[in-house]
Every structure is written in C-alpha cells, then in structure tokens.
Amino acid sequence: MGKTILTVDDASTMRKMVSFTLKGAGHEVLEASDGAVALQVLQSRPVDLVITDIHMPNMDGIELTRRLRASPHFGRKPILLLTTESDPARKNEGRAAGATGWIVKPFNQEQLLAIVAKVLPNS
Amino acid sequence: MLAQTEPLRAAEGNLQQASETLETHFLTITSELEGLAHSGEEFVQQVERLVGLATGSGCDASVFSNAMQLIERSTCFLARWQEQSVKMLGQLRQYNTQIEHLIGVEAALQRTMLPLKFMQTLFKAESAPLGTEVQRMFTGLTNEIESLHEQVREIFGAKFKQLEQTHATIAQVIRQLGEQARTLQEITTTRRAHIESSLAHLKKEMASNRARDARLARLSHDLAGEIGQVVLGLQFQDIVNQKVQHIAAALPVIQERCEEVRALPPGRVPAQTVCFIQQSARLETAQIAACEAELSRAETAMRESLGKALQHLTEADSECLSLEEFQLLTTSFDGMVQVLVETIEEVRALVRTTVANAARAYELLRPLGSLASDLTGIVRAVSARIHVIGLNAQVQAALAAQDPRGASLEVLSARTSEVSRETNRISAAAAGELDILAGGLAECVAAFAQLQADGLAQQQQLDQQGGTEESGLHAFRDEALKTLGAITESFDQIQTQARRAIDSLQFADFYQSVLPALRAPLTAMAESAGRWREGLSAEENADLVDGFHRNYTMASEHEIHAGVMATVCPAAEPAAPELLPALAGAEAGFGQNVELF
C-alpha cells in the first residue's frame with residue numbers, strides 16, 4: 001500500500017530522484033527544499049516518512065529531525081538522513097537527534113526501496 | 001615570484017554560472033528520465049497487454065469461447081438436422097415407392113371390378129324372364145353395382161390423382177432435403193475445418209507469445225536496471241556541486257594568502273604561508289580533478305545506460321516483440337474474429353433457411369397423411385359395398401334359382417362374389433399400405449414440426465446472442481488494434497525521449513573547460529609556491545595537514561586529501577581523517593552506505 005513520504009533536499013535533482021524512485025513504487029511524495037519548508041509542509045499534510053538531506057540552507061536535516069522528534073504530531077515516525085556526509089560525529093548527532101537511519105549518497109533505487117519497506121513495514 | 005591570483009578569480013567568477021548551467025542540464029535529464037521511465041512503463045504495460053491478448057491470459061476467455069459455443073451449438077443443430085434429413089430422405093423415398101405402388105392399385109381395382117359392369121347387363125338380361133319381382137330385385141342390385149362403379153370412378157379418380165400429386169410433392173421435398181443436406185454437410189465440414197485451422201494457428205501464436213512474455217519480463221527488468229543507473233548518475237550533480245562548494249570556500253583563503261605574500265618583500269615571506277599556498281593549491285587541484293573525473297564517469301555511465309535502455313527497447317521492437325509480428329498477430333486476431341463473425345452470420349442464415357425448409361416441408365406433407373387416411377376409408381368403404389353386393393347377388397341368385405330359368409343367375413352371382421373377394425383382397429392390402437403410409441407421413445410431419453420448433457429456438461438464440469458475440473469479438477479486435485497503435489506511438493515517443501536525454505548529457509563543458517580553467521591557476525600557484533618555499537620541518541607540515549581537511553564532509557574528499565598530503569609531506573604522519581567505518585546496514589543487506597539506527 002502506498003505511503004506519503006516527504007523528501008527534503010536543497011538539490012532539486014536529488015529531490016526528483018528520490019521522488020521518481022518512490023513514486024515508481026506507488027508512494028505519494030511531497031518535496032521541500034530545506035528544513036523550514038519541510039516543517040511548513042508537515043503542518044498541512046501528515047506523512048509516514050521523512051527522507052532528508054543534512055546540509056541545507058535555513059534549517060539543516062539534523063535540526064529538522066530534532067524539531068520533528070519534539071513534535072507530538074510527528075511522534076515516532078521514521079526519519080532517514082540522506083547525505084554525502086561521512087563524518088561519524090555528524091552521524092552520531094543524527095542518531096542523537098532521533099533519526100531512524102543514515103544513508104550516504106548516492107543511493108540506488110532498489111536499495112532505497114528496500115530501506116523504505118523496512119522502516120514502513122506495511123508499505 | 002608567486003603566480004597571479006587574477007586568473008583564479010576569473011575562473012572562480014565563471015564557476016557559479018557554470019554550476020547553475022550544469023544543474024539545468026541535470027534537471028533536463030531528470031525530466032527526460034521521468035518521461036522516459038513513464039513512457040517505458042506504459043510501453044511495457046501495453047506490450048504485456050497485447051501479449052496477454054495473444055496468449056489469452058489478458059482477455060476474457062469468453063470472447064472466443066462464447067462465440068465458439070454458440071457456433072458449436074448451432075453447427076450441432078445443423079448436423080443433427082442433416083442427419084435427420086438423411087434419415088427422412090430414406091423414409092420419404094420409401095413412401096414414394098409405396099405411393100407408386102398404390103397408384104397402381106387403382107388400376108388393379110378398376111381392372112378387378114370391370115367384370116361387374118358386364119355382370120350388371122347379364123343380371124338384367126338373365127332376370128328379365130323371371131317375373132317383375134325378381135327383375136326388380138336384380139335391377140336394384142345392378143343399380144347398386146352401377147352406383148359403386150360411378151363412385152369408384154369419381155372418388156378413386158380424384159383421390160388417386162391427389163395421390164399422384166402427393167408423389168410429386170414428396171419428390172419435391174426429397175430434392176429439397178437432399179440439396180440442403182449436401183449443402184449443410186459441405187458448409188459444416190468446411191467451416192469446422194476453417195475454424196479449427198484458425199484456432200490451431202491462434203494456439204501456436206499463443207505458445208510463441210508465452211516465450212515473448214518471458215523475454216518481455218527480462219526486458220522490463222533490464223530497462224529498470226538501466227534507468228536505475230541513470231538515477232545513480234544524476235545524483236552526482238549534488239555530490240559534485242557540494243565538492244565544488246567546498247573548493248570554492250577554500251579559494252578566497254588561498255587568494256588572501258597569496259595577496260599577503262605578494263605584499264611582502266621576498267625575504268620577509270613566512271615559509272609556512274608559502275607552504276600553505278602550495279599544499280592547499282595542490283589539494284584543491286586534486287579535488288577539482290576528482291570532480292572532473294567523477295562528472296566524466298557519471299556522464300559516460302548515464303550515456304551508456306540511456307543507450308542500453310534504448311537498445312533494450314529497440315530489441316523489444318526488432319527481436320522479441322517485433323511490431324511487424326504484432327501486425328501479423330493482429331491480422332490473425334482479425335482473421336479469427338472475421339471467421340467467427342462470418343460463421344455466426346452464415347450459421348444464422350443456414351438455420352433460417354433450415355427452419356424455412358422445415359416449415360415448407362411440413363406444410364407440404366401435413367395434408368398427405370389425411371389424404372392417405374381418407375383413401376384408406378374410401379377403399380375400405382368400396383370393399384364393404386362390393387362385399388354386400390356380392391352377398392346380395394348370392395342371396396338373390398339363390399331365390400331366383402327356385403325357378404329353373406334362374407339357374408344362370410347363380411353362375412353370375414358366383415362370379416360377382418369372386419370379384420368381390422378379389423376386390424376385398426386388393427382393397428385390404430391397399431388399405432394396409434395406406435395405413436402405414438399415413439402413419440409414416442404423420443411421423444414425418446411431426447418430425448418436421450419438431451425440427452421447425454428446434455430451429456426457431458436456435459434461430460432466436462442466434463439472433464439474441466449472435467449480436468452480443470459479434471460486438472464482443474469486434475471490441476476485442478478493436479482493443480488489440482488500439483493497443484498496437486498505442487505501442488507504436490509509445491515506442492516512437494520513447495525513442496525521442498531517450499535521444500533527447502542523451503543529447504542533454506552536456507557536462508563536458510563543465511569538466512573539460514570550467515573546472516580545468518579553475519585548476520590551471522591553482523596548479524601554477526602550487527608550482528610557483530614550490531619554487532619559492534624553503535623546506536619546513538616534519539612537525540610544521542603535520543600541523544598544516546591537520547588544518548586542511550576540516551572543510552571536507554565526504555569520504556572521497558578525505559581520501560584525496562590523504563593522498564595529496566602523503567605526496568607533499570611524506571615524512572609527516574597525517575592526522576588520519578576519521579571516516580565512517582563500514583556501516584551496519586551492510587550486514588542487513590542494504591549496502592555499505594546504509595546504517596539503520
């Protein structure tokens with residue numbers, strides 16, 4: 001069953017690739033260009049999963065994760081960090097902020113779909 | 001003298017715009033890829049649909065089976081009709097032989113009864129001398145004989161004439177039935193053979209299409225794989241862009257240091273600054289070269305994948321699912337549908353004709369049974385009357401014989417009785433035959449009535465269902481043709497999109513011109529700084545090395561940094577960048593780049 005997924009990235013190519021991959025598997029995909037825009041989107045639409053980049057203007061992915069985990073509306077829904085970042089300290093920050101997983105770019109389609117299926121078991 | 005910073009500034013100035021242009025190219029490809037994937041998916045679905053139609057799995061099986069059942073039921077009816085026609089033909093021929101024989105009975109009866117005419121005159125002549133009373137008695141008898149003669153002549157003449165007409169009518173029915181039986185046999189045999197041949201052809205097509213279906217599944221998988229490779233390649237826009245941003249962030253620092261050096265007299269330049277310029281220029285040169293290589297590889301990989309995707313689709317056209325084959329297949333659908341539709345129409349016409357023939361035969365034969373029954377009654381009545389005449393003749397002859405002059409009347413009476421017996425014998429035989437004929441004709445009439453009723457029911461069913469089946473078959477054929485048209489259209493569209501996407505792969509300007517333009521002044525700076533620089537101690541180098549990698553976030557950037565540092569200060573132990581170990585996700589089968597917390 002298709003789920004609603006929010007992809008957050010300042011690179012439109014990345015957003016489109018994530019969206020293209022997930023839509024192909026029957027999910028509905030919303031897009032946001034940074035953490036602040038993502039919070040606005042989430043106010044109007046509930047989603048089942050957030051896939052976010054880390055390095056973004058206005059609000060980065062780790063801050064977005066912290067805000068979402070603090071929000072009673074978002075609760076324990078999964079958040080995946082999709083980043084070029086390889087610094088273990090940043091990864092630990094992501095983990096501490098409440099992220100569900102860490103994916104280093106580039107992803108391949110099958111891999112991303114497998115991860116989504118894992119974190120959204122009924123999808 | 002340290003190299004000028006102006007060329008670097010100029011190249012840096014171009015970088016922003018070039019990055020935006022590069023992003024535009026990537027977005028164009030992204031958009032083409034989305035369109036390509038969508039069209040590819042549609043194409044595969046349409047092809048699957050057509051193959052499904054061809055294998056029978058993608059269409060309602062009743063499309064053919066209902067039409068076939070309808071035809072089968074009708075042809076069974078016609079075959080039964082044909083079988084019954086042959087049987088009835090035999091019976092009718094037999095009845096006509098009987099009628100021919102019965103027509104001969106009239107002559108036999110006339111012949112047998114002919115002596116009675118002379119008896120009448122003789123009775124009158126012989127009874128004349130025996131007094132008025134006896135003469136009156138024999139006059140009555142002769143009148144009776146005359147009346148019988150008259151009746152036989154009139155009724156037999158008329159009725160046997162009708163019997164002759166009956167013979168002609170049955171002969172006509174026989175001809176009609178014979179002709180129809182032959183036509184039915186010919187048509188049902190020919191049609192059945194045609195349908196069986198078409199079905200065999202369709203089954204053969206279906207079998208070969210099942211193999212196509214398997215190849216199509218592989219093709220679909222391969223196509224998805226190539227599109228996945230393009231998706232992977234497109235992500236390098238973001239990766240390279242981030243690297244370029246990291247490089248761009250380092251450039252002002254290098255330029256600033258260069259300006260500092262250039263502002264100082266040559267003897268007062270700190271060696272550490274020169275060393276910083278040399279090492280950071282080398283480092284950024286290496287990062288730029290890595291970006292060039294990465295972008296070039298991404299372009300090549302995407303070009304190859306798009307080319308392969310196009311190739312797979314072309315294979316779909318030329319090898320496993322040739323459009324020409326589809327056209328043939330559609331022609332065979334069309335042929336099959338045409339055969340079925342024509343057959344339904346033909347069977348409908350045949351059933352109509354059969355019903356009409358049955359009705360005509362029924363109308364022709366129906367009065368024949370009553371004629372035979374009438375004739376039986378007449379023959380029996382004549383026989384009874386002649387029997388009475390014979391008895392009367394005997395009684396009266398016995399009375400007349402009391403007078404010696406009446407002895408000859410006994411001879412006449414005996415002869416009359418003899419004629420009566422013979423007439424009775426012939427009549428009884430004819431009546432028996434007529435009874436059988438009447439019974440047989442009644443059976444035939446009933447059979448034709450039944451055939452007519454069955455035929456009407458069959459005709460009604462054909463009229464009701466035939467139209468529905470024809471519509472269903474035409475709809476099926478139209479869908480196959482429509483799908484074929486859509487496939488051709490999709491394929492053209494896919495080819496155009498794939499070519500457009502390949503044409504949009506224009507990164508060469510960025511990695512062959514923009515980035516090298518940035519790299520060249522950095523290389524010059526590194527070389528000039530190298531000439532300027534005096535040697536630093538290993539400890540001093542190590543301090544510098546530690547400071548250089550803080551801008552980098554990607555593992556590949558750290559690797560390049562480590563490689564460059566190992567070259568510029570081999571004696572130093574570079575602070576090993578703390579890179580992510582193989583992520584836990586690798587164990588879960590997601591890959592080295594994934595970790596689920």
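**Getting to know a predicted two-chain model**

Q: What pattern does chain A follow when read along the sequence?
A: This is a predicted model, and chain A has 5 helices and 5 strands in it. Walk along the sequence and you get the pattern β-α-β-α-β-α-β-α-β-α.

Q: How do the elements of chain B run from the N terminus on?
A: Chain B's secondary structure comes to 10 helices and 1 strand. From the N terminus on, the order is α-α-α-α-α-α-α-α-α-α-β.

Q: What share of the residues in chain B is buried?
A: A residue needs 20 or more other C-beta atoms within 10 Å of its own to be called buried. For the 597 residues of chain B, the share is 39%.

Q: Among contacts in chain B between residues at least 6 apart in sequence, what percentage joins residues at least 24 apart?
A: Let's start with chain A: of its contacts with a separation of 6 or more, 59% are between residues 24 or more positions apart. For chain B, take the contacts between residues at least 6 apart, and the part joining residues at least 24 apart is 89%.

Q: Which element of chain A gives the most to the side that touches chain B?
A: Across the two chains, 32 residues of chain A are in contact with 32 residues of chain B. Helix 1 (12-24), helix 4 (88-97), strand 5 (101-104) and helix 5 (109-119) of chain A each put in at least two residues on that side. On chain A's side there are 12 nonpolar, 12 polar and 8 charged residues. The top giver, with 8 residues, is helix 1.

Q: Which residue is the bridge partner of A:Trp102 in strand 1 of chain B?
A: Strand 5 of chain A pairs with strand 1 (residues 594-596) of chain B, in the antiparallel sense and over 3 bridges. Within strand 1 of chain B, the partner of A:Trp102 is B:Glu595.

Q: Which element supplies the largest share of the largest nonpolar core?
A: That core has 94 residues, and the ones with the most contacts inside it are A:Val50, A:Leu80, A:Ile103, B:Ile277 and B:Leu295. The largest share, 14 residues, comes from chain B, namely from helix 5 (residues 271-320).

Q: How many residues does the other core have, the one with B:Met88 among them?
A: Among its members are B:Met88, B:Val105, B:Val134 and B:Leu462. This other core lies apart from the largest one, and its size is 64 residues.

Q: What is the separation between the C-alpha atoms of B:Glu83 and B:Gln185?
A: You'll find B:Glu83 in helix 2 (residues 62-127) of chain B. B:Glu83 counts as partly exposed because it has 13 other C-beta atoms within 10 Å. B:Glu83 and B:Gln185 are 102 residues apart along the chain, yet their C-alpha atoms are separated by 9.3 Å.

Q: What is the phi of A:Asn58?
A: A:Asn58 lies in the loop between strand 3 (49-52) and helix 3 (61-70) of chain A. A:Asn58 is partly exposed because 13 other C-beta atoms lie within 10 Å. Most residues other than glycine have a negative phi. A:Asn58 is not a glycine, but its phi is positive, at about 65°.

How values were computed: Residues are numbered from 1 along each chain as its sequence is written. Chains are lettered from A and ligands numbered from 1 in the order in which they are written. This is a predicted model: local features need pLDDT of at least 70, side-chain atom pairs count only at pLDDT 80 or more; totals for chains, interfaces and linings use all residues. Helices (H or I, at least four residues) and strands (E, at least two) are DSSP runs, numbered from the N terminus. Two residues are in contact if their C-beta atoms, placed from the backbone, lie within 7 Å. Ala, Val, Leu, Ile, Met, Phe, Trp, Tyr, Cys and Pro count as nonpolar, Asp, Glu, Lys and Arg as charged, and the others, Gly among them, as polar. Two strands pair if DSSP finds at least two bridges between them. A nonpolar core is a set of buried Ala, Val, Leu, Ile, Met, Phe, Trp, Tyr and Cys residues joined through C-beta atoms within 7 Å. A residue is buried if 20 or more other C-beta atoms lie within 10 Å of its own, exposed if 12 or fewer, and partly exposed in between; C-beta atoms are placed from the backbone.
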